[in-house]
Amino acid sequence: MKNFKTIILGGGASGCMAALRAKEKDIAIIDGGTQLAKKLLVTGNGKCNLTNVDIDTQPNEKFYNQDLKKYFYKFNVEDTLNFFAHLGLEVVSDEQDRVYPISKTAVSVQDVLIREIEKKDINVFLEQKVVALKKENNKFLIKTATNDFSCDKLVFCLGGQGIELLKDLQVSIKEKHPSLCALKTSKNKNLAGRRLEDVLVTAKDKNGNVFSEMGEVLFKEDGLSGIVIFNLSSLFARQGVFEGEVSIDMLPNFTHKELEEKLLARRTLNVGVSQFFVGLLANAFAYLIFDKCNTNEQRNSKELTEKEIKEFVKVIKALKFNVTGYYDNNQVFSGGALLSTLDENCQSKEVENLYICGEACDVDGVCGGYNLQWAWTSGFIAGGQIWLSLNKLKLKLVLTSVKLKLKLQKIWT
């Protein structure tokens, strides 16, 4: 049995941050992977989107499933940038306020974290798949496939499938569902590999909840992908049911009336109907419109009726797809420990000396560095409380020793 004062379960972003903030020698990180912070390597398309400046300037409910102000008040984007600057990481932001390492490679972020953990002599145990977790006689007992561990304080930073372990500690959780993922739909005839840029996409779940966003859509043979789709998938993930529809406005810069007038005017092009959308839409989408409107293409454009033009407009302004599921390429999970069961220091109100951070909490944001910022914030706060609790004990012991010395001195004099 390996015993520590504090164990951090999960060596991802929040786990590494918690360990570095705790600044305690008698601490250990346990992780199932072969490297610490390995998941960072696939974030931001391998560039690691650290955070987003918007978090400090706009209401965070715009980016997350709930209000996180009381947490960001303690550790915000500026604090994150200062933290990494102290580690020697140089960063740069893009036009969408996304922050990346200046090297544009996630390995740079992983490297500075690991280097700092090694400098502080923090114990690290890798390739430790947790098979059991419980609390007994005020001790947390962790069993992995190869070792047994115990600790007084536990910082739980396992996301994804690891969230299920919280049930063994009787923690109240919201069931997890994949989020920020591609959506499965009915077959997309001849659209696989195609893309639409700068379109307005609206998702509606089966309960009538709606979420819209501008962006790029990538078409799969039986699904939709792209950052905008990833973000919209959170609507279904938070409901726990991937059923509903996605509607794409292919030409959002035109109103229905403006588009109708433009298409009516295009009849004078005097071309075959099959060439009617050349110069306005890619052929694949033109043929999709014809198919949906049952249009006879073996005519001249000037033969198109006003009724047919109106049908074209309906499809262009609301190209609909039924959502039937999701692809297993999710970047995060929606669900986890309820924030109502945690205090402002990410400490559980249900289980003493248990802290819960990062993806293990019921916090999920859209793409753009928002989920990583929550990981840095929650890890820093929990690690800070570990440091504070340990140093309070040390301070108490010092004060007790001083009082005892003064008392003895008084007796002898």
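Reply: Two strands pair if DSSP finds at least two bridges between them. Helices (H or I, at least four residues) and strands (E, at least two) are DSSP runs, numbered from the N terminus. The model is predicted: local features need pLDDT of at least 70 and side-chain atom pairs count only at pLDDT 80 or more, while totals for chains, interfaces and linings use all residues. Residues are numbered from 1 along each chain as its sequence is written, and side-chain values use heavy atoms, with hydrogens and water left out.

Me: Through how many residues does a hairpin join strand 13 to strand 14?
Reply: Strand 13 and strand 14 (residues 223-225) run antiparallel and are joined by three bridges. Within this pair, lysine 220 stands opposite glycine 223. The hairpin connects the two strands through a link whose number of residues is two.

Me: In the open sheet of three strands, what is the strand order?
Reply: The edge strands are strand 3 (51-52) and strand 4 (91-93), each of which pairs on one side only. Strand 3 is joined to strand 5 (residues 98-101) by two bridges, and threonine 51 has valine 99 as its bridge partner. The pairing in this sheet is antiparallel, and the order is 3-5-4.

Me: Why do the buried residues of helix 3 line one face, and within what arc do they fall?
Reply: Buried means under 20% relative accessible area, exposed over 50%, and partly exposed in between (1.4 Å probe, protein chains only). In helix 3 (residues 77-86), the residues Val77, Thr80, Phe83 and Phe84 are buried, whereas Glu78 and His86, on the other side, are exposed. The arc is that of the directions from the helix axis to the C-beta atoms. The buried residues line one face of helix 3 because, seen down its axis, they fall within an arc of 120°.

Me: Which residue caps the N-terminal end of helix 3?
Reply: Just after helix 3, glycine 88 takes a positive phi of about 95°. At the N-terminal end, a side-chain oxygen of the capping residue lies 3.1 Å from the backbone nitrogen of glutamate 78, and that capping residue is asparagine 76.

Me: How many residues does the largest nonpolar core have?
Reply: A nonpolar core is a set of buried Ala, Val, Leu, Ile, Met, Phe, Trp, Tyr and Cys residues joined through side-chain atoms within 4.5 Å. Among those with the most contacts inside the largest core are Phe84, Leu113 and Trp376. Its largest share, nine residues, comes from helix 9 (residues 370-412).

Me: Is serine 234 buried or exposed, and at what relative accessibility?
Reply: Serine 234 lies in helix 5 (residues 227-239). Contact means heavy atoms within 4.5 Å, and, apart from neighbours within four places in sequence, serine 234 is in contact with Ser179, Phe211 and Asp364. Serine 234 counts as buried because its relative accessibility is 0%.

Terms used. Polar contact = N/O pair within 3.5 Å; in protein donor to acceptor, adjacent residues only side chain to side chain.
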